[in-house]
Amino acid sequence: MIGSGPIVIGQACEFDYAGCQALKVLREEGYTTIVVNSNPATIMTDPGFADRTYLEPLDLESLTAVLRRERPDALLATMGGQTALNLACALDAAGVLAELGCELIGASSAAIARAEDRELFKRAVTSCGLRVADSVVVTGLEGLDRLPLPCVVRPAFTLGGQGGGFVATGAELRAQVAQGLAASPIGQVLVEESLRGWDEFELEVVRDRADNVVIVCSIENLDPMGVHTGDSVTVAPQMTLCDEDYQELRDAAIAIVRAVGVDTGGANVQFARERSTGELRVIEMNPRVSRSSALASKATGYPIAKVAARLAVGYRLDEIRNDLTGTTPASFEPTLDYVVVKFPRFAFEKFPGADRSLGTQMKSVGEAMGIGRTFAEAFAKARRGLEIEPDWQPEGLHPFFRAELARPAPAGAVAFRRVDSCAGEVEASSNYFYSTRGERDESPPRPGRSVVILGAGPNRIGQGIEFDYCCVHAAASFRAQGYEAVIVNSNPETVSTDYDASDRLYFEPLDEQAVLAVLAREAPVGVCIQFGGQTPLRLAAAIERAGHRILGTPRAAIDHAEDRERFALLAATLGVRCPEWGIAVGAAEAIRVGARIGYPVLVRPSYVLGGARMRVCYDAAELAAAMELLEGPVLVDRFLEGAVELDVDALCDGSQTHICAVMEHVEEAGIHSGDSCCVLPAPSDSPEIRALVHALGPALGVVGLLNVQLALLAGEPYVLEVNPRASRTVPFASKATGVNLVDAACRLAAGASLAELELPPEGSAVPGHHVKAAVFPFARFPGADALLGPEMRSTGEVMASGADFATAFARAERAAGRALPQAGRAFISVCDADKVAVIALARRLAGLGFGLVATAGTASALELAGIGVARVEKGPAVVELLARGGVDLVVNTPQGRNARRDGYAIREAAILARVPCITTLAGARAALAAIGGGRPEPAVSLQERHAAAADREVWRAAS
């Protein structure tokens, strides 16, 4: 099975959910399973989910190596999004599948081509007597002036509408087509008539080899055509079509699936419909499990990925049992006696300067789902899941929905109803619940038997799939300890909201009202708030006030660590160094603190996620501007420019601490830990650093997971912050060390001591070198700068391993889509502070055979050092050089108050040209080490790495 790789806009943790479902059923059927994926934060890459797990770059080279090593009988590519589908086509085209006798299952190459190639899809649709939008297939920039405007550009074989968009002028058309051709792996776009303003519908379809077809779910977009479905508010089932019109969509979807040739799995078909005339157009089809498939599965309880996996290995729909009812087959279409609404979540605040308008290119980073007995109830719950204005509505709302929202909310006591996929028509034993009011409570649990785990809610930058990984492992751990594991979450993309990930699932917003209602119903043994990131921590006080016990780290310890002033005072009593600091309310106080401790300073709000609103300020004016955005007490501390930063993940039982992993950032301090590459083991690990962590855990009273972030400046360690909860590095550390940190933390929370856990000795050698690298969405946000800083901006991460750092780093950059060139031309433009340090770097680049080109200031510094370099003028000349492919690597290091202005156009041009762009000298040194020292290594599974490490530990203990 091919995974989907790092979380990116348009391809998120819904494919981890699909992959996990498929792996479960394939194992039940007796198959040996092999997974290839690059994302360490996923559940599917845990060693227990597949027989062999390869954390490798998702490219043709890696997949070919794994397939030749494993020689599998079949390849399943329909669970890994567009990435997996494109790789399967590349493997087939390269002859690798034929060479190995490996069968492509789930969807054939021919079916994939008919769905993804715009011209072939158009023929398939018209063969059914249906219409697509009037369109022209374009493979170049010639003849565009003859095309009618306005129109929409849709690239082939891309995800999330990448490279596409609406255009109104000839200049916009030319620019968008150029972008679309670059985004399409086959260099093809469709330029089609604009249907902006039409209604949009989606149908989730499943078909088997005997031509049985079921419509699992219908979905209606509340936003009209013109907004990508991933960015639209949607409702299931569709609500505004009469039965005759809905049946027309059903018949059309079934005909298209048959014409395309999907006969062993699921597909998603999208339609546009003109409301007044009923005219219908087919927009596109995904011949695989999609983002909407996850939503449809959670909306109906019908496990599309599980069913599709069984169909892929030869089952018929009538041979597969419905898990939720236990009595009906998968050939029964789901029936809903409730309504589901999905809201998208955006992160525009992370990308100043970006275009915030919505179009055909997806921009949302996550989503929340609400379930209710009425549309208004479901809409309100989905909206609560995003913590947005309580009266917000989409523009251009259909009159039916506007009338529904005007109705009074249901009254009465809170009650919980089942999602059972059959609307109570047959007996079901579903463990999947949602709340409503004024109805009979369905199947109340026995009190005092459960542990409630609060999830992380919708994906967002700073709080993503890593925390869902922790919640799923927590549920498994508490189940293994004899408790009933209960999950509360509102994210339809995740594994944690799969009905079999826990004993009971509550699909509810993570706010005080919803969570306390669940806790009142469950009367649990305790509540876990340390695995869902920052969101559950904010509910700690309300949970305790309601009389419920928080398992693990107590609320007082959480407050002590999260409150910047209290933590700084604790550090002082322990003799732990922190950067000089002060607490300020308002700009005037902050400026006084800045004058006392000296610039640059870092502004650090308390209780924030992903470094939100943190700023490095170089003078009083910048500090005053940063404080304008903040309320209440704020920590202002000295920014340790040039320091080396480390992350430590540890376990604590309240009195003793066990350090599990010490990781070192490749970039210097000032880059958010979630955006920096990091390496394990850390070259700067030391007894002094470990002593600091050992002191902090018990002093705070941590019981469970502990993350400490430190900086090393001139050999002196400083503690930057402590997180008494799961951190985003937990999955990476667990996979690198072979220790399940979440399971250990759950056992501590349940009362075990560290001594009882039988953990490997602290300081056990980590085999090889492991690098975690971040993935960024800058290409989705034209106008936003690619410059990194203290506020996190990455959407996902990859992991790669090697015998040495250079090899691991080179593989990680490949996995992140930034493969480092082995030769060519490097463009260098650095700030004045870096002009001395860059000389050694430039000399190394030249020694590796790179030609050098630089702007005047940098070129002068290099020439004085005797290094040959070509000059290029700042501004349009550099952009043009990048655009025409004249550069293979960019090193651009702005700094200080002019960082956004200096070099912005260079960095944007590098992104558009898909040229690796490095914005720190530390990152450039690592890249050069990888270019010069990275070596080819055979693919090795995670299970083999862990077994080898265990063997070495046994040998070490014996000797």
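Helix axes here are lines fitted to C-alpha atoms over the stretch in contact, with angles running from 0 to 180 degrees between N-to-C directions. The model is predicted, so local features need pLDDT of at least 70 and side-chain atom pairs count only at pLDDT 80 or more, while totals for chains, interfaces and linings use all residues. Residues are numbered from 1 along each chain as its sequence is written, and side-chain values use heavy atoms, without hydrogens and water.

**Nonpolar cores**
- A nonpolar core joins buried (under 20% relative accessible area, 1.4 Å probe, protein chains only) Ala, Val, Leu, Ile, Met, Phe, Trp, Tyr and Cys residues through side-chain atoms within 4.5 Å.
- The largest such core has 92 residues, and Met79, Ile371, Ile453 and Phe531 have the most contacts inside it.
- H13 supplies the largest share of this core, eight residues.
- Apart from this core lies another of 39 residues, including Val679 and Ala924.
- Leaving aside residues up to four places away in sequence, Phe531 touches (heavy atoms within 4.5 Å) Phe467, Cys470, Cys471 and Ala474, among others.

**H13 with H23**
- The axes of H13 and H23 (residues 741-749) come within 8 Å and cross at roughly 50°.
- The crossing of H13 and H23 is right-handed.
- Cys470 and Ala474 are among the H13 residues that meet H23, where Val742 and Cys746 are among the partners.

**H13 with H22**
- The axes of H13 and H22 (residues 730-737) come within 8 Å and cross at roughly 65°.
- Glu466, Tyr469 and Cys470 of H13 meet Val730, Pro731, Ser734 and Lys735 of H22.

Conventions:
Buried < 20%, exposed > 50% of the residue type's maximum accessible area, 1.4 Å probe, protein only. Helix = DSSP H or I, 4+ residues; strand = E, 2+ residues; numbered from the N terminus. Left-handed = near helix turned anticlockwise from the far one by under 90°.
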